[in-house]
Amino acid sequence: MKSDSTEPEVPGQDTGNTAVLQPEDWSRRNSHLKVLEEEAIFIMREVAAQFERPVLLFSGGKDSIVMVHLAEKAFRPGKFPFPLMHIDTGHNFDETITFRDDLVRRTGARLIVGSVQESIERGRVREETGPEASRNALQTVTLLDTLKEHQVDCALGGGRRDEEKARAKERFFSHRNAFGQWDPKNQRPELWSQFNGRKNVGEHFRVFPLSNWTEMDVWQYIAAERIPIPSLYFSHRRKVFNRRGTWLDNSDFITRYPEEEPVEKTVRFRTIGDATCTGAVLSHASTMEEIIAEVAAARVTERGNRHDDKRSEAAMEDRKKQGYF
Amino acid sequence: MSQELDSDFVKRSRAVTGPEAEATAEHAAEPAAEKQTAANTKRRTAATEPEKSGVAIPDGVDPEYLNMDLLRFTTAGSVDDGKSTLIGRLLYDSKSIFEDQWEALETTTRNRGDGPVNLALLTDGLRAEREQGITIDVAYRYFATPRRKFIIADTPGHEQYTRNMVTGASNADLAVILIDARKGVLTQSRRHAFLSSLLQIPHLVVAVNKMDLVDYSEERFREIVEDFKAFSENLDVDDITFIPISALNGDNIVNGRENMPWYKGATLLHHLEHVKVGSRKNPNDFRFPVQYVIRPDQDYRGFAGRVVSGDIQVGEEVTVLPSRESTRITSVETPSGKAGEAKTGESVVLGIEHEIDISRGDMIVRKHNVPNANTGFEAVVSWMNKEPLQIGKSYVLMHTSRSTPAMIKDIRYRINVDTLHREESDALNLNEIGRVEVETAQPIFWDAYKLNNATGSFIIIDPDTNVTVGAGMIRSKSTSAFEGERAEEQERSATRRKKQNGSNVVWEPWNIGRTEREEQNGHPAHVIWFTGPSGAGKTTIARSLEHKLWQEGRRTMLLDGDQVRHGLNSDLGFGQADRKENIRRVGEVAKLFFEHGNVVLCSFVSPYREDREAVRALFPEGRFTEVYVNADPETLQKRDPKGLYRKAKAGEIRQLTGYDAPYEAPGEDVLHIDTDVTDAGEAVTRILEELDL
């Protein structure tokens, strides 16, 4: 969708190259944000040291943007020693792809793209049809295929334990069997700062350096570090329609029910994923501070607007067992 | 830019003007939303004050938020004790539950016909648990108040209890142990307390729950407190706080004090908000396990890792283990740029002066403060796998950034976690704990867990399955069974002493740092340690040197044996143990004067090398100079300024150093002054040359 002229300015963009950020006042303080940053950096270095072919899963969402920022800090003055991997459903917001390509250019990182469209064309998965169709579930196959193709032994993800119940028990180092599956009842205990990344050939790990962060921490960190993020996170005018209480983008990728009439609203996104299942919230928050204020006052979790979680109470757990992010 | 920065309340009101205004306003009217924590009240007050101007803060960063610190705590207790309800209550009362979570909770409760909304359901994450109604694994929960962010490691109460609690406790600053007021201190309460002590959790909260079911009886509460205190006597726990609560009703959780007016202490949340964090860190012993080598080009080679304890400054001399090669720190790269020092907990990249081969698993330490480096030690191991621990099997041990093949040579005994009795055993089963002897293929660099959690802990991996099967805490060097018992007795008496000496001792940084004091004084602080037998001339030289320094305008202090033995150390004799304690105390006093920015001159016989090295280790590299003063035995006995040699000869005193007690002379690298051929004036000149103050 075309962004119009009223689009708010993205804070931090004018700071230019984030790689030469001056140390902020907060960064040497004993604040919890610093503790979280240190922890995440420690985990990323551990991944670089313990695995042969790690990748950083990049979705274009704020969590994965923070991940890239942390990766840059973790290996400074060197470059981070792993490529970015984007699982592309083909149903993207334009801003996401532009942002991704700019980031790749700036960091000089290698980008691997796994395309759901290709998976469909090759007959690996069958496209859902009708108004409820989503490529969200299909991503899992593309993800696992792409990991296999590139012999990835560790995929760094931006998942946080506060996002959802099933994630509360996720480890930093989460083991996946040869089928890419998670066994929640048989997880390795994690103690002190010891992370066991040993595995057999064909198995891999998902590693979540942001495990202990909350949505609020992520926003505060973005603000403190002045990390540029896509304008979709800031309020803007957009054609949307309402489906069971969720505002969805009036996108070519979604088939609307006859009664679903697109209307123009002032909205922003709290999470950014596949355009067909990422709900917008009505919001006038057009600056960082307003977003933070909104998060502080929010009465609904981020994922509360994720269409895909609403299918059943244990929806997330089921998908994770299949090898979802 | 910073118009609305100050207060959450302003932000909230702004949010209410948005399109979601109706919804938000509706929820604000909920009774739950009206319940204010003390902290929230503070925010409201702040909103009425004018914005402080002139503070440069990046967009949207809430200064309060950047000042929040982090407390990790664990909760111990079974479902029956109301643990999940307590956590649900903390989340609910601190408003960390979102609307959709609350709705899901209501739906589930309704479907199960549980009656009122079941707060416990909030924390039961996995489907299997929901089906069985029990939690089976460690789950992490988050909530925050304006003061502090909290991470709860919620450990289940039933099966696999020990394994889970050990896991949850390994990083906790505090443990909440729940006791059902009706049932009192049970076997499992003892187990919880023992595990907390084993893992060295610095703070313990005993929450006596379900007070509503015992009519809020103060007497019942006191009874439980006494019971708990009686058995925790033998545990190594510094700080225990008792709080009577009702998780179900919210009594003494966030507020709700009216039902127990006799209780004058803090509510649980207030205590959690104010307890000291970071007590697990060891600020003294610099340990830097190398995690990863960063080499972007031919010109730069840096060693990435976390400073797990102590700190280091650019320019300091260091030793690399296992090679024991020496070099100097030339740069500290933090994630936010270059710095002059690296502090405990920071993930940094260190640059060094020399081309030394260093890789992952090596450790960088201070030259005179080196951990144990060997392949044999004793540890307490918690076993976490269905396959029992086998003596002699080849496992993999992960310790700091090092992995090495290892085996358990012997199980000294198993500890019954319920009775705390020692039992003979030749295997450890799932959830069992035992003291074992470990042998590793490559040396590891360790300190006792009690002194340094980071370098005293390890995990055991089964190479056949790659699974983490055990967790260990290092106790001591490998010993024979007999020595082992002696070592344990020493550990126990150290624990007792620590308790007598007052609990809850926490390291605090100096209010005014030494660097600032040195700046004001115009000279660096330093310690000069004179060692040597009685009559060698230590004090004469020290006095003369102090005068000289004083005249030059330096702040000085002179400590000598006679002074401290009359006051501070009047309780000590001249046996080896007492001499050791004498020197230890003097070292600590010297450290205080040093931190005050003084040049401290210490004149002590200090016959044992080990004791002198222990003092040296208290100070940064290059700030401690040892001076060995000696003369011919004949000269000493002729001088005999205090008449000690005469008394010793007459048999009036024993254990006079250099007469009938040993003196361990320092090595070649220490400045040696022979007062047979050097007078005090010359000695002073030589010392000043050496010092280059």
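**View 1. The six-stranded open sheet of chain B.** In this predicted model, six strands of chain B form an open sheet in the order β2-β3-β1-β4-β5-β6, and the pairing is mixed. The edges are held by β2 (139-145) and β6 (239-244) of chain B; each has a single partner strand, so one side of each is left without a neighbour in the sheet. On average, neighbouring strands of this sheet are turned by 25° against each other, direction ignored.

View 2. Strand β2(B) runs antiparallel to strand β3 (residues 148-154) of chain B, and the pairing covers seven bridges. One point to look for is A144(B), whose bridge partner in β3(B) is K149(B).

**View 3. The five-stranded parallel sheet of chain B.** A further open sheet in chain B has five strands, ordered β24-β25-β23-β26-β27, with parallel pairing. Its edge strands are β24 (556-560) and β27 (671-674) of chain B, each of which pairs on one side only. From one strand to the next the twist averages 20°.

**View 4. Strands β23 and β25 of chain B, with helices packed on the sheet.** Five bridges join strand β23 (residues 526-531) of chain B to strand β25 (residues 599-603) of chain B in the parallel sense. Within this pair, W529(B) has C602(B) of β25(B) as its bridge partner. Helix α17 (residues 576-595) of chain B lies across β23, β24 and β25 of chain B and runs at about 160° to β25(B). Helix α21 (residues 680-691) of chain B also packs on the sheet, where it touches β23, β26 (624-630) and β27 of chain B. The direction of α21(B) makes about 175° with that of β27(B).

**View 5. Strand β16 of chain B and two of its partners.** Strand β16 (residues 372-383) of chain B runs antiparallel to strand β20 (residues 433-446) of chain B, and 10 bridges join the two.

**View 6. Strand β18 of chain B alongside β20.** Strand β20(B), shown above with β16(B), also pairs with β18(B): eight bridges join them, and the strands run antiparallel. M407(B) has E439(B) of β20(B) as its bridge partner.

**View 7. The hairpin of β17 and β18 of chain B.** Strand β17 (residues 395-399) of chain B and strand β18 (residues 402-415) of chain B are antiparallel and share five bridges. One of the paired positions is L397(B), with T404(B) of β18(B) as its partner. Two residues lie between the strands of this hairpin, and T400(B) takes a positive phi near 40°.

**View 8. The hairpin of β18 and β19 of chain B.** Strand β18(B) is joined by two bridges to strand β19 (residues 422-423) of chain B, in the antiparallel sense. R414(B) has E423(B) of β19(B) as its bridge partner. This hairpin has six residues between the strands, and L420(B) takes a positive phi near 65°.

**View 9. Chain B as a whole, for orientation.** Of the 693 residues in chain B, 44% are buried. Among contacts in chain B between residues at least 6 apart in sequence, 72% join residues at least 24 apart.

**View 10. The two domains of chain A and the side where they touch.** Chain A is divided into domain 1 (29-218 + 314-322) and domain 2 (227-309). Taken over C-alpha atoms, the centres of the two domains of chain A are 23 Å apart. In the contact between them, 26 residues of domain 1 of chain A meet 23 residues of domain 2 of chain A. On the side of domain 1 of chain A that touches domain 2 of chain A, the elements giving two or more residues are α2 (62-75), α3 (94-107), α6 (215-225) and α8 (315-322) of chain A. The most comes from α2(A), with four residues. By class, this side of domain 1 of chain A has nine nonpolar, 11 polar and six charged residues.

How values were computed:
Residues numbered from 1 in each chain as written. Chains lettered and ligands numbered in written order. Predicted model: local features only at pLDDT ≥ 70, side-chain atom pairs only at ≥ 80, totals over all residues. Domains from an automatic or database assignment. Contact = placed C-beta atoms within 7 Å. Nonpolar A, V, L, I, M, F, W, Y, C, P; charged D, E, K, R; others polar. Buried ≥ 20, exposed ≤ 12 C-beta atoms within 10 Å, placed from the backbone. Pairing = 2+ DSSP bridges. Axes fitted to C-alpha atoms, helices over the stretch in contact; angles between N-to-C directions.
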